[in-house]
Amino acid sequence: VRYFKLTQPGVYTVDISLEIDASASGFTGQFPVELTIRNTDPLESFPSQQNVDLASSTVWVSDQAFAGSIRTYWVSTTMTFIADNIDEKIEMDLHPYGGPVDVVSYKFVVARVGSE
């Protein structure tokens with residue numbers, strides 16, 4: 001899990017790109033890889049709103065999409081959200097459904113673009 005803790009309320013954008021290596025999976029067909037962005041807000045009064053998925057992006061990884069022995073694939077998502085409290089945490093999770101994958105590189109950018 002990778003995350004950022006926000007110190008101010010406001011309007012934010014998050015941009016995440018991951019390069020994953022699927023060669024460790026040993027899988028020879030296609031399988032989905034899901035990237036999820038989650039907001040954890042401990043100050044939210046309702047427990048169901050304290051840990052909310054904001055966005056999810058799913059790609060299908062196929063060994064036929066890779067040239068030779070290089071089996072990397074990019075998974076990306078961008079979104080805008082409103083943080084209404086201090087100390088909210090934005091985190092990302094990667095869920096491969098078909099075998100393990102390794103993260104080769106990633107970019108996780110959170111920017112405050114305005115106030116509420």
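Visitor: How many salt bridges does a search of the whole structure find?
Guide: The search finds two salt bridges, and please keep in mind that this is a predicted model.

Visitor: What makes K107 and D15 a salt bridge?
Guide: The definition asks for a side-chain nitrogen of Lys or Arg within 4 Å of a carboxyl oxygen of Asp or Glu, and the closest N and O atoms of K107 and D15 are 2.8 Å apart, so the pair qualifies. Because K107 lies in strand β7 (residues 102–114) and D15 in strand β2, the pair ties together parts that are 92 residues apart in sequence.

Visitor: Why are K107 and D15 called partly exposed?
Guide: Partly exposed covers the range between the buried limit, under 20% relative accessible area, and the exposed limit, over 50%. K107 has 38% relative accessibility, so K107 counts as partly exposed, and D15, at 22%, is therefore given that label as well.

Visitor: Are D93 and R38 buried or exposed?
Guide: With a relative accessible area of 12%, D93 falls under the 20% limit and is therefore buried; R38, with 16%, is buried by the same cut-off.

Visitor: Why is the pair of Y12 and F81 called stacked?
Guide: Two aromatic pairs are counted in this model. In the pair of Y12 and F81, the ring centres are 5.7 Å apart, which is within the 6.5 Å required, and the planes stand at 15 degrees, which is under 30, so the pair is stacked. The pair links distant parts of the chain, with Y12 in strand β2 (residues 10–21) and F81 in strand β5 (residues 72–83), 69 residues apart. Both Y12 and F81 are buried.

Visitor: What does F81 touch, leaving out residues up to four places away in sequence?
Guide: Its contacts are L6, G10, V11, Y12, V14, N39, L54 and I90.

Visitor: Which residues have the most contacts inside the largest nonpolar core?
Guide: They are I16 and F81, in a core of 22 residues. At least two residues of this core come from each of β2, β3 (30–40), β4 (51–62), β5 and β6 (89–96), and β2 gives the most, with five residues. In soluble globular proteins, nonpolar side chains tend to be buried together.

Visitor: What is the secondary structure of the protein as a whole?
Guide: The protein has zero helices and seven strands, and the pattern read along the sequence is β-β-β-β-β-β-β. Of its 116 residues, 38% count as buried. Among contacts between residues at least 6 apart in sequence, 81% join residues at least 24 apart.

Conventions. Residues numbered from 1 in each chain as written. Predicted model: local features only at pLDDT ≥ 70, side-chain atom pairs only at ≥ 80, totals over all residues. Heavy atoms only, no water. Phe/Tyr/Trp six-rings, centres within 6.5 Å; stacked < 30°, edge-to-face > 60°. Helix = DSSP H or I, 4+ residues; strand = E, 2+ residues; numbered from the N terminus. Buried < 20%, exposed > 50% of the residue type's maximum accessible area, 1.4 Å probe, protein only. Core = buried A, V, L, I, M, F, W, Y, C linked by side-chain atoms within 4.5 Å. Contact = heavy atoms within 4.5 Å.
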